[in-house]
Amino acid sequence: MRDSVKAYAQQVETRAPAILDDREIARLVESYIPLVLHQVDRAWLSPRLGLTREDLVSAGCYGLLLAARKFDPSRGVAFGVFARTHVHGALMREIQTAMKASGVGTEEVFVGTDEIEPDSL
């Protein structure tokens with residue numbers, strides 16, 4: 001796990017204890033793994049960045065776990081909406097960290113739709 005994700009995890013863990021019990025957190029994480037996979041598949045990245053799909057899935061699952069630990073059902077927000085923002089944030093942090101490490105600029109990382117091969121869809 002990259003340093004920025006570790007720092008974020010420590011920051012989140014020191015804020016407040018989990019509202020749900022461990023069993024409920026595990027159920028939420030298992031149920032929403034398809035959300036992580038969907039978000040990862042939406043990220044079209046250049047191979048120059050050096051991130052693999054597995055790297056992004058790992059970061060997304062970590063974001064999902066953090067969302068499950070912070071989720072408060074009494075606030076009236078659906079878990080899927082709450083989790084989507086945490087997963088997206090974890091993915092963007094992972095991409096940003098990789099960009100800094102590789103020295104690649106934004107224009108070189110995100111692939112435009114004109115560069116996507118139709119057969120890859």
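Predicted model: local features only at pLDDT ≥ 70, side-chain atom pairs only at ≥ 80, totals over all residues.
Student: OK, helices. How do α3 and α4 cross?
Tutor: Helix α3 covers residues 33-42 and helix α4 residues 53-70; their axes come within 9 Å and cross at roughly 135°. Helices here are DSSP runs (H or I, at least four residues; strands are E, at least two), numbered from the N terminus. The axes are lines fitted to C-alpha atoms, for helices over the stretch in contact, with angles from 0 to 180 degrees between N-to-C directions.

Student: And what do you call that arrangement of α3 and α4?
Tutor: Oblique. Under 35 degrees counts as roughly parallel, over 145 as roughly antiparallel, 65 to 115 as roughly perpendicular, and the rest as oblique.

Student: Which residues of α3 and α4 meet?
Tutor: On the α3 side, I33, V36, L37, V40 and D41; on the α4 side, R53, L56, V57, G60, C61 and L64. Contact means heavy atoms within 4.5 Å. The residues of that contact split into 8 nonpolar, 1 polar and 2 charged. For the classes, Ala, Val, Leu, Ile, Met, Phe, Trp, Tyr, Cys and Pro are nonpolar, Asp, Glu, Lys and Arg are charged, and the others, Gly among them, are polar.

Student: V36 is in that list. Is V36 buried or exposed?
Tutor: Buried, with a relative accessible area of 0%. The cut-offs are under 20% for buried, over 50% for exposed and partly exposed in between (1.4 Å probe, protein chains only).

Student: What does V36 touch, leaving aside its neighbours within four places in sequence?
Tutor: V57, G60, C61, L64 and V87. The C-alpha atoms of V36 and H88 are 8.5 Å apart, although 52 residues separate the two along the chain.

Student: Switching to charges: how many salt bridges does the structure hold?
Tutor: There are 3, where a salt bridge is a side-chain nitrogen of Lys or Arg within 4 Å of a carboxyl oxygen of Asp or Glu.

Student: Which residue does D41 pair with?
Tutor: D41 pairs with R53, and the closest N and O atoms are 2.9 Å apart. D41 lies in α3 and R53 in α4, so the pair ties together parts that are 12 residues apart in sequence. D41 is partly exposed at 45%, and R53 is also partly exposed, at 40%.

Student: What about R27 and E24?
Tutor: Their side chains meet in a salt bridge at 2.7 Å, N to O. They sit 3 residues apart in helix α2 (residues 22-31), which means about one helical turn separates them. R27 is partly exposed at 42%, and E24 is partly exposed at 28%.

Student: And D72 with R75?
Tutor: The closest N and O atoms of that salt bridge are 4.0 Å apart. D72 is partly exposed at 21%, whereas R75 is exposed at 69%.

Student: Last one: how do α2 and α4 cross?
Tutor: Their axes come within 9 Å and cross at roughly 140°, which makes α2 oblique to α4.

Student: Which residues meet there, in α2 and α4?
Tutor: I25, L28 and V29 from α2 meet L64, L65, A68 and R69 from α4. That contact has 6 nonpolar residues, no polar and 1 charged.

Terms used: Residues numbered from 1 in each chain as written. Heavy atoms only, no water.
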